[in-house]
Amino acid sequence: MKNRDDKQSTIERNSEKKSPDENRAPIDFIRAIIARDLKNNKNDSRVHTRFPPEPNGYLHIGHAKSICLNFGIAAENTGGLCNLRFDDTNPSKEDQEYIDSIFEDIRWLGFDWEDRLYYASDYFEKLYEFALQLINDGKAYVCDLSAEEIRQHRGTLTEPGKDSPYRNRTVEENLDLFQKMRAGEFPDGSRVLRAKIDMKSPNMNMRDPVLYRILRATHHRTGDAWCIYPMYDYTHPISDSLEGITHSICTLEFEDHRPLYDWSLDELDIFRSRQIEFARLNISYTVMSKRMLLKLVEEGLVSGWDDPRMPTISGLRRRGYTPQSIRTFCECIGVAKKDSMVDVALLEHSIRDDLNTGAPRVMAVLRPLRVVIENYPEDLVEEFEIANHPNDPTMGSRKVPFSRILYIEQDDFMEEPPKKFFRLGPGREVRLRNAYFITCRDVVKDANTGEITELRCTYDPATRGGDAPDGRKVKGTLHWVSAEHSIKAAVRLYDRLFTIPNPAAENNFKTYLNPESLVSLKECRIEPGLKEAAPGSRFQFERQGYFCVDMKDSSVDSPVFNRIVTLRDTWAKIEKKEPGEK
């Protein structure tokens, strides 16, 4: 195995070097291996991959990387195929809900398995027959040790394991016991079938691993037909082989399992698929462990698997991410052999870049401050024709009503503005986008709290459209909506789920949940044209960020918008500040 691994490592290192041909994009080490196999006419020059999720949870962005890699490699090669196979070998944790969500996620990302949908449970009978073959060949035995006793016998990384007292049972006895296991004659957990390999192997996975366990649980496809279920490390290589998978691409934690993968195929003398490992995706300020994500859901720390703060594909979709932005992100981070942490800012950049060109611009006031234009006629309503995108005339325009009473952002006014504050203040003139210049003349406050409740302003009719005929300039341009015509809406400001880059490395990751990962605003005002926006529609709220109509909670009468991402990465600026810096 050492020579084989050394040879593969050399290929991988060489493949990571940049191509001397500047006109050809560099390829990752997995594609380099596949190119080498094709050149050598290995597997009759076939390329056949698979994506094998476990139906015990929702897919996350890490799975999206694997989906893009496996389906992408198949699409890049003439005649290439990619299967979708559910590893449904643990019925106690599996559910049809997860299967349906996986179907939706893969299709939403833009990939299709066509007629190549498989389940590991399709092969239960064949897997059982292969287990009988291993027993007959003296390569497997029934063991009566408990799970704890098996762990004790396995040894450690520095100490060899000890043989099970049941390791030398006869072939006949093992066949009889294994058949009785299938017949349901023994209680759960009382016996297992183990591979007979080497209890002194330096690789812990080769110390007589468990192949089958007794588990009475109703399976979502086979019902109660089986009370013994195969383990993943046994099922995985055989399923790949039966489907003719040429390149079995999986994440780096399975690298130490590869010798067992190869052992299974060699001992059974069936088609040899090749397992290739790559680094799993880790993103800052979130967790990617299904166990941790399940805790967040079960303990009500998020609203569900599709909570827009979650790194799940369904969560990203509900938040407003596009399939293209996720595919672009997966392409940008590439494929590596060493685990690393990817800055979430790169994912945010991918969606900003996509929506910058594709999202229409609209005006929405999130924290409204009432503005009365005293010299504007009370009964007059104008409409301004405003472009939907400043750089794309093909996106058309819309009519936005303007009246005497408006709303602007509270943050766009300061009673005592500092030197570099260029927005509205007492006696200051600013531009209302695409409308008029206005000047603040008076400030109205609540008599009890002192809170500013209203601004009294005047406008210059000659500046219609946003420019002054006398050539005078203003430094501040504000967005606005008409008080009479705007629509009330709820807006959810989503931010990063955790306050530290790597919460998974902490003992209690939940301690670092960001208390401001969701800020709900109930009294926002939006342009009237947004009332009919379809669920999932994406917009840029000018000067605010990118938002989408929530797919679950929004309605025509009560619209709800989710913030996808801010216009700029303010988080990075905050992090760079030194302690004590203002």
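Predicted model: local features only at pLDDT ≥ 70, side-chain atom pairs only at ≥ 80, totals over all residues.
Helices (DSSP runs of H or I, at least four residues) and strands (runs of E, at least two) are numbered from the N terminus. Residues are numbered from 1 along each chain as its sequence is written.

**Stop 1: helix 9**

Select residues 258-268, which form helix 9. Buried or exposed: what are most residues of helix 9? Nine of the eleven are buried (under 20% relative accessible area with a 1.4 Å probe, protein chains only; exposed is over 50% and partly exposed lies in between). Among the buried ones are Arg258, Tyr261 and Trp263. Now step on to Asp269, which follows helix 9 and has a positive phi, near 55°.

**Stop 2**

Next, find the open sheet of four strands, ordered 4-5-6-7 with antiparallel pairing (two strands pair if DSSP finds at least two bridges between them). At its edges are strand 4 (140-143) and strand 7 (228-230), each pairing on one side only. Select residues 210-214 to see strand 6, which three bridges join to strand 7. Here Arg213 stands opposite Tyr229 of strand 7.

Axes are lines fitted to C-alpha atoms, for helices over the stretch in contact, and angles run from 0 to 180 degrees between N-to-C directions.

**Stop 3: helix 5 and helix 8**

Keep helix 5 and select helix 8 (residues 232-242); their axes come within 11 Å and cross at roughly 110°. The two helices are therefore roughly perpendicular (65 to 115 degrees; under 35 is roughly parallel, over 145 roughly antiparallel, and the rest oblique). Which residues of helix 5 and helix 8 meet? Lys126, Leu127, Phe130, Ala131 and Leu134 in helix 5 meet Tyr234, Thr235, Ile238 and Leu242 in helix 8, with contact meaning heavy atoms within 4.5 Å.

**Stop 4: helix 12 and helix 13**

Finally, select residues 323-333 (helix 12) and 344-358 (helix 13), whose axes come within 9 Å and cross at roughly 135°. That angle makes helix 12 oblique to helix 13. Show the side chains at their contact, including Phe329 and Ile333 of helix 12 and Leu347 and Ile351 of helix 13.

How values were computed:
Heavy atoms only, no water.
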